[in-house]
Structure formats: C-alpha cells, structure tokens
Amino acid sequence: MAIQKLTKNQSLVLDALEHAEGPLSAYTILDKLRDHGFRAPLQVYRALDKLLEFGLIHRLESMNSFVACAHPDHHHHHDHGVTAFAICEDCGQVTEMHDAGMEERLSVLAGNQHFKTEKTTIEIRGHCQNCTAE
C-alpha cells in the first residue's frame with residue numbers, strides 16, 4: 001500500500017490519538033477537536049474509518065475506542081495479520097503486540113475449520129507491570 005496523504009481532519013484525529021494517554025472513544029476525540037472545527041460525530045467517524053483502512057490506528061472492540069498504531073511503518077501486517085493488545089484494567093495502558101508464531105497457529109486453527117480469516121484482534125485484559133508493582 002502506498003503512503004497515503006491525510007486530510008486535515010484525518011491528521012487531527014491521528015494526532016489526538018498519538019498524544020493520548022490511552023484509548024479514546026469517537027466522542028472523546030470529538031470533544032478534544034471542537035476547537036479545530038469538529039462539530040459532528042460523522043466528521044470523526046469518517047476520519048477514523050480512513051485511518052483504520054490505512055493501518056495507522058486500531059479499534060479496541062471491547063472498549064469501543066481507538067489507539068494509534070505502535071508500528072505505523074509496518075501497516076502491511078494489519079491487513080491480514082494478528083494484532084494483540086494487553087490492556088491494563090487499572091491504568092488503562094494499552095500495549096500492542098505482534099507474534100508470527102501466534103499468527104501462524106491461529107491461521108492453522110482457522111484453516112482446519114475451513115474458515116477464511118479477514119481480521120484477527122486479540123485483547124488481553126489484566127494488570128501492567130507498573131500497576132502490579134505498586
């Protein structure tokens with residue numbers, strides 16, 4: 001996939017996610033960007049849809065929120081690969097992880113069921129090192 005030129009709204013949404021302390025919902029993004037001319041949720045959702053398509057952000061399904069991709073230069077992994085997220089229940093920290101072995105194993109499992117995988121996202125919830133040390 002070629003490098004995409006982002007629109008102003010896409011750049012603003014991406015910047016908000018890159019500078020966030022944790023995952024953000026679309027409405028939180030809207031609130032953060034009101035001073036930049038955002039007025040309607042649709043503006044945010046359109047930008048989010050394109051950023052997802054470009055592999056620059058991820059949607060955390062269980063939280064209905066979004067995070068900037070930790071490896072945007074490797075967006076080709078997001079087309080069909082497995083992305084796992086460790087989500088801390090205490091502080092909300094999200095860590096993005098990729099593992100070729102896990103990806104291969106899940107591919108075999110799906111293939112054994114004659115299932116064609118389009119996207120796999122794994123969300124692991126627990127407690128990060130900082131929160132368990134306290």
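1. Helix H5 covers residues 100-112; its 13 residues reach 18 Å from the first C-alpha to the last, close to the 18 Å expected at 1.5 Å a residue. The expected span of a helix is 1.5 Å times one less than its number of residues. Helices (H or I, at least four residues) and strands (E, at least two) are DSSP runs, numbered from the N terminus.

2. A note on the source. This is a predicted model, in which local features need pLDDT of at least 70 and side-chain atom pairs count only at pLDDT 80 or more, while totals for chains, interfaces and linings use all residues. Residues are numbered from 1 along each chain as its sequence is written, and side-chain values use heavy atoms, with hydrogens and water left out.

3. Just after H5 comes His 114, with a positive phi of about 55 degrees. His 114 belongs to the loop between H5 and E5, and it counts as exposed because its relative accessible area is 76%. Buried means under 20% relative accessible area, exposed over 50%, and partly exposed in between (1.4 Å probe, protein chains only).

4. Most residues other than glycine have a negative phi. Asn 64, which is not a glycine, has a positive phi near 50 degrees. Asn 64 sits in the loop between strand E1 (57-60) and E2, and with a relative accessible area of 44% it is partly exposed.

5. The chain as a whole. It contains 6 helices and 5 strands, in the order α-α-α-β-β-α-β-β-α-β-α from the N terminus on. The C-alpha atoms fill a box of roughly 50 × 45 × 25 Å along the principal axes. Of the 134 residues, 32% count as buried.

6. Helix H3. Which residues of H3 are buried? They are Val 44, Ala 47, Leu 48 and Leu 51. These cover an arc of only 100 degrees around the axis, so they lie on the same side of H3. The arc is that of the directions from the helix axis to the C-beta atoms. An α-helix has 3.6 residues a turn, so residues three or four places apart point the same way. H3 has 13 residues and reaches 18 Å from its first C-alpha to its last, close to the expected 18 Å.

7. Glu 53 and Lys 50 form a salt bridge, with their closest N and O atoms 3.4 Å apart. Such a bridge is a side-chain nitrogen of Lys or Arg within 4 Å of a carboxyl oxygen of Asp or Glu. Both residues lie in H3, 3 residues apart, about one turn of the helix. Glu 53 is partly exposed at 45% relative accessibility, and Lys 50 is partly exposed at 34%.

8. Other salt bridges. How many salt bridges does the structure hold? There are 4. Among them, Arg 34 pairs with Asp 31 at 3.4 Å, N to O, and Glu 61 pairs with Arg 59 at 2.4 Å, N to O. Arg 34 is partly exposed, at 34% relative accessible area. Glu 61 is also partly exposed, at 39%, and Arg 59 counts as partly exposed at 25%.

9. A nonpolar surface patch. Tyr 27, Leu 42 and Tyr 45 make a patch of about 310 Å². Patches are made of residues with over 30% relative accessible area and no salt bridge: like charges are joined within 9 Å, nonpolar side chains (Val, Leu, Ile, Met, Phe, Trp, Tyr) within 5 Å. Accessible areas come from the Shrake-Rupley method with a 1.4 Å probe; for residues, only the protein chains shown count as cover. Tyr 45 lies in H3 (residues 41-53) and is partly exposed, with 33% relative accessibility.

10. Two loop residues. His 71 lies in the loop between strand E2 (65-68) and helix H4 (77-80) and is partly exposed at 33%.
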